[in-house]
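Dear colleague,

Please find below the structure that I am handing over to you.

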Amino acid sequence: KITISWRAFFFFFLAVFIPFVFALGCGPHYDLAIEEFCLAKFRLDMQDLDQRQWCSWEDTVELYGELTNCTYLVALKMGCFWPNRLVDEFFIGVHKHYFHDCSLSGRLLRDPPNRILGPFIVVPILVTLLMTALVVWRSKRSEGIV
């Protein structure tokens with residue numbers, strides 16, 4: 001016979017069922033609302049900018065702040081907590097579309113030239129081969145070691 005205390009049941013209920021209730025409270029209606037109200041305005045504002053300015057934080061910080069505040073206000077009006085999983089996924093989508101080529105410094109990232117990258121690849125390989133050869137050579141000359 002399995003007995004479950006009320007305390008264990010209570011913690012199980014909190015851990016398992018409460019997150020589902022909150023997730024359902026901010027379901028597709030919240031996602032649709034931030035798409036319609038917030039993203040629509042953000043799209044228009046970003047279209048007004050030249051695409052080369054999208055990676056400039058000075059040019060987009062106000063628009064991004066308005067988008068963030070809009071998602072918060074919509075969540076507040078709908079009784080959802082903020083931030084939540086849906087708003088995180090929403091901002092990931094925004095970043096993938098508008099800021100995917102931007103780095104933290106605002107410049108595009110690229111590999112260094114081969115003349116710089118080459119030694120960083122070749123030297124560790126040569127050291128590894130040299131150390132392996134040294135271990136093999138030293139293990140074959142074991143007669144003088146006590």
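**Helix 5 and its surface**

Leu 117 lies in helix 5, which covers residues 114-140; helices here are DSSP runs of H or I with at least four residues, strands are runs of E with at least two, and both are numbered from the N terminus. The model is predicted, so local features need pLDDT of at least 70 and side-chain atom pairs count only at pLDDT 80 or more, while totals for chains, interfaces and linings use all residues. Residues are numbered from 1 along each chain as its sequence is written, and side-chain values use heavy atoms, with hydrogens and water left out.

Leu 117 has a relative accessible area of 31% and is therefore partly exposed (buried means under 20%, exposed over 50%, partly exposed in between, with a 1.4 Å probe and protein chains only).

The UniProt record, an unreviewed entry, lists residues 116-137 as "transmembrane region"; such annotations may be inferred rather than shown by experiment. Over residues 116-137 the chain is 100% helix and 0% strand, with the end C-alpha atoms 33 Å apart.

**The chain as a whole**

The protein chain has five helices and zero strands, giving the pattern α-α-α-α-α along the sequence. Of its 146 residues, 22% count as buried. Among contacts (heavy atoms within 4.5 Å) between residues at least 6 apart in sequence, 65% join residues at least 24 apart.

Yours sincerely
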